[in-house]
Amino acid sequence: KPITNNNKVIVEDEDNEKVAPLITSKYSKYSYNQVYCGVCFTRLTEKEIQELDCLECHHTCCMTCWFEYLSTNILQAKVSELKCFTYKCPTVLPEEFIMSIIKSDSKLVSKYKNFKQKSEILKCPTKKFCPEPDCQSFIEMKEGEDKYVQCELGHKYCYVCLKPWHGDKPCDEILDKDFQIWKKGKVIKQCPRCKFYTEKNE
């Protein structure tokens with residue numbers, strides 16, 4: 001019966017008397033048939049062990065358990081610095097490792113890349129999502145450039161006010177013009193505390 005310790009890989013010797021944590025790069029050949037998943041206790045194949053060798057922590061689980069863990073996080077858009085799912089393990093999963101696990105599911109790969117890009121944009125102070133409706137690209141303010149930016153699909157915007165590019169006109173003028181158009185026919189009041197305008201709904 002396999003023995004576990006904080007989801008570390010279990011290795012049984014031929015006499016079923018000794019156990020050792022997984023250090024795959026140092027395994028002897030006979031050990032490949034005696035390594036178990038620390039979650040579901042499935043015996044790991046030699047191929048699985050070799051693929052998991054890139055993890056610094058050496059907390060090894062079968063491909064099925066890894067796929068379930070990764071797919072659950074990806075579908076919830078939790079893709080920023082995915083870590084080993086062993087309790088309190090700080091190891092961040094390498095990009096190549098994640099892709100090797102989910103590569104068989106093209107839709108999941110697409111979602112992962114999309115969420116990953118969005119996560120990186122949110123963390124970058126010089127990037128913003130393109131304001132163009134339904135555009136999945138981003139705009140970037142590069143060093144030495146003015147407010148004019150263009151996404152990779154050709155949408156031209158002002159980086160400061162996120163309105164369509166307005167040349168030399170001040171952002172305040174453009175925003176005020178849009179506000180005047182928006183408030184027509186509406187009951188608008190200004191909040192006495194935050195000074196933001198609010199619309200009265202019936």
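Hi everyone, let's start at Phe129, which lies in strand β3; strands here are DSSP runs of E with at least two residues, helices are runs of H or I with at least four, and both are numbered from the N terminus. Before going on, a word on the model: it is predicted, so local features need pLDDT of at least 70 and side-chain atom pairs count only at pLDDT 80 or more, while totals for chains, interfaces and linings use all residues. Residues are numbered from 1 along each chain as its sequence is written, and side-chain values use heavy atoms, with hydrogens and water left out.

Back to our residue. Buried means under 20% relative accessible area, exposed means over 50%, and partly exposed is in between, using a 1.4 Å probe and protein chains only. Setting aside neighbours within four places in sequence, Phe129 is in contact with Lys118, Ile121, Leu122, Ser137, Phe138 and Ile139; contact means heavy atoms within 4.5 Å.

Let's follow one of those partners. Ser137 sits in the loop between β3 (127-129) and β4 (138-140), and Ser137 is buried, with a relative accessible area of 3%. Beyond four places in sequence, Ser137 has contacts with Phe129, Cys130, Cys151 and Glu152.

Now for the inside. In soluble globular proteins, nonpolar side chains tend to be buried together. A nonpolar core here is a set of buried Ala, Val, Leu, Ile, Met, Phe, Trp, Tyr and Cys residues joined through side-chain atoms within 4.5 Å. The largest one has 27 residues, and Trp66, Leu70, Leu93 and Ile102 touch the most other members. The elements giving two or more residues to this core are α2 (63-75), α3 (95-102) and α4 (106-123). Which helix gives the largest share? That is α2, with six residues. There is also a second, separate core of eight residues, including Ile139, Met141, Cys151 and Tyr157.

Have a look at α3 next. Its residues Phe97, Ile98, Ile101 and Ile102 are buried. They cover an arc of only 120° around the axis, so they are on the same side of α3; the arc is that of the directions from the helix axis to the C-beta atoms. The buried residues of α3 pack against α1 (46-51), α2 and α4.

On to the rings. The structure holds seven aromatic pairs. In the pair of Trp66 and Tyr69, the ring centres are 5.9 Å apart and the planes are at 70°, so this pair is edge-to-face. For the cut-offs, rings of Phe, Tyr and Trp (its six-membered ring) pair if their centres lie within 6.5 Å; planes under 30 degrees apart are stacked, over 60 edge-to-face, and the rest tilted. Trp66 is buried at 0% relative accessible area. Trp66 also pairs edge-to-face with Phe85, at 4.7 Å centre to centre and 90° between the planes. Since Trp66 lies in helix α2 and Phe85 in the loop between α2 and α3, this pair ties together parts that are 19 residues apart in sequence.

Finally, charges. How many salt bridges does a search of the whole structure find? One, where a salt bridge is a side-chain nitrogen of Lys or Arg within 4 Å of a carboxyl oxygen of Asp or Glu. The side chains of Lys163 and Asp178 form a salt bridge at 3.2 Å, N to O. Lys163 lies in the loop between β6 (156-158) and α5 (171-183) and Asp178 in helix α5, so the pair ties together parts 15 residues apart in sequence.
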